[in-house]
Amino acid sequence: MLNRRHFLAYLHPDARQVLASALVEGLPHTMRDRATEAAVLHGFLTDRIPGIVCRPARVCTDGQGQLGFSFPLRIG
């Protein structure tokens with residue numbers, strides 16, 4: 001059990017490549033334009049933005065967990 005609400009996970013570059021398409025697919029509809037998708041992918045793949053690991057809100061199988069990302073970007 002995690003003691004803290006959140007902590008950061010720095011992913012291996014290979015893991016980032018594997019997760020990139022799922023990351024874009026998980027964007028809210030308001031962020032699904034080409035400019036935002038490109039900025040998110042750039043931040044994820046190039047700037048190595050860490051993942052935010054938190055206590056699971058639902059049951060996860062062995063080896064699974066919840067990982068989210070926050071992108072400090074401004075479009076326009």
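**Figure 1. Overall arrangement of the predicted model.** From the N terminus on, the elements of the protein run β-α-α-β-β. The secondary structure thus shown comes to two helices and three strands, where helices (H or I, at least four residues) and strands (E, at least two) are DSSP runs numbered from the N terminus. This is a predicted model, in which local features need pLDDT of at least 70 and side-chain atom pairs count only at pLDDT 80 or more, while totals for chains, interfaces and linings use all residues. Residues are numbered from 1 along each chain as its sequence is written, and side-chain values use heavy atoms, with hydrogens and water left out. Taken along the principal axes, a box of roughly 40 × 25 × 20 Å is filled by the C-alpha atoms of the protein. Of the 76 residues in the protein, 22% are buried; buried means under 20% relative accessible area, exposed means over 50%, and partly exposed lies in between (1.4 Å probe, protein chains only). Among contacts between residues at least 6 apart in sequence, 58% join residues at least 24 apart, a contact being heavy atoms within 4.5 Å.

**Figure 2. Packing of helix 1 against helix 2.** Two packed helices are described by the angle between their axes and the distance between the axes. Helix 1 spans residues 13–25 and helix 2 spans residues 34–45; the two pack at an angle of about 155°, with their axes 10 Å apart. Helix 1 is therefore roughly antiparallel to helix 2. Axes here are lines fitted to C-alpha atoms, for helices over the stretch in contact, and angles run from 0 to 180 degrees between N-to-C directions. Angles under 35 degrees count as roughly parallel, over 145 as roughly antiparallel, 65 to 115 as roughly perpendicular and the rest as oblique. The crossing of helix 1 and helix 2 is right-handed; a crossing is right-handed if the near helix is turned clockwise from the far one by less than a right angle, and left-handed if anticlockwise. On the side of helix 1, the contact is made by R16, Q17, L19, A20, L23 and V24, which meet E37, V40, L41, F44 and L45 in helix 2. The residues of this contact divide into eight nonpolar, one polar and two charged. In this grouping, Ala, Val, Leu, Ile, Met, Phe, Trp, Tyr, Cys and Pro are nonpolar, Asp, Glu, Lys and Arg are charged, and the others, Gly among them, are polar.

**Figure 3. The aromatic pair of F44 and F69.** Rings of Phe, Tyr and Trp (its six-membered ring) pair if their centres lie within 6.5 Å; planes under 30 degrees apart count as stacked, over 60 as edge-to-face and the rest as tilted. By this rule the count comes to one aromatic pair. F44 and F69 form this pair in an edge-to-face arrangement, 5.0 Å centre to centre and with 85° between the planes. Distant parts of the chain are linked in this way, since F44 belongs to helix 2 and F69 to the segment after strand 3 (66–68), 25 residues apart. F44 is buried, at a relative accessible area of 0%, whereas F69 is partly exposed, at 21%.

Figure 4. H6 is found in strand 1 (residues 6–9) and is partly exposed, with a relative accessible area of 38%. Not counting residues up to four places away in sequence, H6 touches I52, V53 and C54. The C-alpha atoms of H6 and R55 are separated by 7.4 Å, although these residues lie 49 residues apart along the chain. Q66 lies in strand 3 and is buried, with a relative accessible area of 17%. Leaving aside neighbours within four places in sequence, Q66 is in contact with I52, V53, C54, R55, P56, A57, R58 and C60.

Figure 5. R48 is found in the loop between helix 2 and strand 2 (51–54). The phi of R48 is positive, about 55°, although R48 is not a glycine. R48 counts as exposed at 51% relative accessibility. V59 lies in the loop between strand 2 and strand 3 and is exposed, with a relative accessible area of 79%. A39 is found in helix 2 and counts as partly exposed at 23% relative accessibility. Between A39 and F71, 32 residues apart in sequence, the distance is 8.8 Å, C-alpha to C-alpha.
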